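Here is a short report for a first look at this structure. Keep the sequence and the 3D view at hand while reading.

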Amino acid sequence: MNFSGESMDLSPLHNYMAELHQKYADLNSGEVADYIPELKKTNPDWFGIVMVTVDGHVYAIGDTDISFTIQSISKPLTYGIALEDKGADYLRTKVNVEPSGEAFNRISLEHKTGRPRNAMINAGAITTVSQVNGDNGEDKFSRIIEKYSLLAGKPLQVDNDVYQSEKSTGHRNRAISHMLLNSGVIEGEPEDILDAYFKQCSILVTCKDLAIMAATLANQGRNPITGIQAINKRYVPNILSIMSSCGMYDGSGAWTYDIGLPAKSGVGGGIVAVLPGKSAIAVFSPRLNSHGSSVRGIEVCQSFSDELGLHIFKSDRQSAFTIIRASYTIDEVPSKRMRSKKASSILSTHGKKVRVYELTGELGFSAAEVVLSQLEHDIKDHEIIILGLRRVTSIDQAATQLIARMTRTLNLQNKQLILSDTHKHATFLNTLDNIFSSLDYGNSIQAFDDIDHATEWCENYYLTQS
C-alpha cells in the first residue's frame, strides 16, 4: 500500500507527514555541502519524507523519488557486509565500537592499536571497506553495490560525476588511508581501497530507497517489500547499536537522548532513523547543520519521536499483529434490541456499512498503525467504524494521535469513527478532546459504554434514514 503525493489520503500517517512537510518546508537554515564540488549543484529546496513499516506499508510525501548520493549513510550498511564477511570478533580488531565525539572527517585513531574509534567516522568506514570480501577494490565494490541493491529492493548505480569529484578532492581521506596502512589496520594499496570507498559514497538512492533500506534493518535484515534476507539477522543488532551510539558523529549523544532512534545521516542530504521491529523513517533535505546532518531531517525525526512516541525507550512492547481480536459488520452481529421484520430487512442491507473492530492488549504506535492500515483497506465498503476497546489495557500518545487524525480524515469523507468501552480510558478520551480542540478538528468523537450500545445507535441511524 503506497501513499504518495499531495492529495488528501485516508491514512492518518500520510496526513501527519504532510503536515510535517508543510511545517518545515520553509525552514531554510543550514547550507548545502560544498567540500565536494558536485554536491554544490544540489537544489537546497528538495524535501521528502518516507516511512516504511516492517509489514511493507510505504507512506511518502514530497520529493521522495529524486536521486541523490548516499554518502555516509552507506557506512553502517557496509559495516554490516564486513560483519558478514569477517565476523564481529575479527572486525573489532580492525575498527572499534566506541563513540569518538569528533567530526566525521577527523583522523581519530587509537594511540596504541591504530584502530579507528568506530565505523561511522571516515577512518573507520575506509577500514570497513577494506574488510569486505574481494581481491581488489573493484571486487569489494561489486559486493557492496550488490548488497545495497538487495537492501533497496532494486538495482542501484553510481553517480560518476560525484565519484570523480570525490576522488579528485579527497586528499584528507588519502592521508587517513595511509595512516591506517602505517598502523597495519588495512593491507594492500590504499588508493584501491579508497576508490571503492568513493564509489560507495556516490551510489545513487532516493528517499524512498533509503526508507526501505532502513526498514530492512528494522525487519531483522529482511527487505519488507521483496521479502529477501539482505543482511544476516545475526549482525543487525551490531549495526543498529553502532548507529545509535555513533551514527550522528559528535551529535550522537544528544540525538539518542532527545530522539532515541538508531540513525545515520549523509552530506547528500539524507537521514534515516530506525524503530527496531516496527518501522523506519527517511528524510531528504540538502541543507545541513554544522555536524553535516540535514536540518529539516533532524526536525522531522524529532517531531516523529515527540509526537508519536517513537523513542526506543518509550515504545510499546506488544506485538502489533495481535491487536485485532475480531472484525465483523453489524448485519453479521446485530444489537440485542428486538426489531420488526421491516426494520430487520432494512438493517440487513445497511448493516454492511458498519464494521466493528474488537481490539486487545496495549495500543501503541505500531499496533495502531496495523489497525489503521487494515481500516484503510476496508473503509471503501463502509461508512461507520466502531473500535471496541474493552480488552485494550493501555493507549499511548502515538495511538491517540493516529486515532484523532483518522477520525478527522473520515469526517472529511462523510464517514465516522465511533469508540466503545471507553470507561477505562478517561485519559485517552481527554487527550482526544484536547487534540480535537487544539487542531480545530470540530466536534469530538462519539463514545459508548459497550459495542452493543454503539451498534444500536448505528442501527437507529440507518432506520431513521430509511
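Cys201 is buried, and its relative accessible area is 2%. Cys207 is also buried. Its relative accessibility is 0%. This is a predicted model.

## No disulfides

How many disulfides does the structure hold? The count is zero. A disulfide needs two cysteine sulfur atoms within 2.5 Å.

Take Cys201. Its closest cysteine sulfur belongs to Cys246. The gap is 17 Å, so the two sulfurs are too far apart for a bond. Now take Cys207. The closest cysteine sulfur to Cys207 lies in Cys301. That distance is 9.8 Å, which again is too far for a bond.

## Asn96 in its loop

Where does Asn96 sit? The residue lies in a loop.

Is Asn96 buried or exposed? Asn96 is buried, with a relative accessible area of 8%. The cut-off for buried is under 20%, so Asn96 qualifies.

Several contacts of Asn96 reach past its neighbours within four places in sequence. The partners are Glu110, Arg115, Pro116, Arg117, Asn118 and Ala119.

## Confidence of the model

The protein chain has an average pLDDT of 90. A score of at least 70 is reached by 93% of the residues. Residues 1–9 have a pLDDT below 50. In the model, this stretch still makes 28 contacts beyond near neighbours in sequence.

Methods: Residues are numbered from 1 along each chain as its sequence is written. This is a predicted model: local features need pLDDT of at least 70, side-chain atom pairs count only at pLDDT 80 or more; totals for chains, interfaces and linings use all residues. Side-chain values use heavy atoms; hydrogens and water are left out. Helices (H or I, at least four residues) and strands (E, at least two) are DSSP runs, numbered from the N terminus. Buried means under 20% relative accessible area, exposed over 50%, partly exposed in between (1.4 Å probe, protein chains only). Contact means heavy atoms within 4.5 Å. pLDDT is the predictor's confidence in each residue, from 0 to 100.
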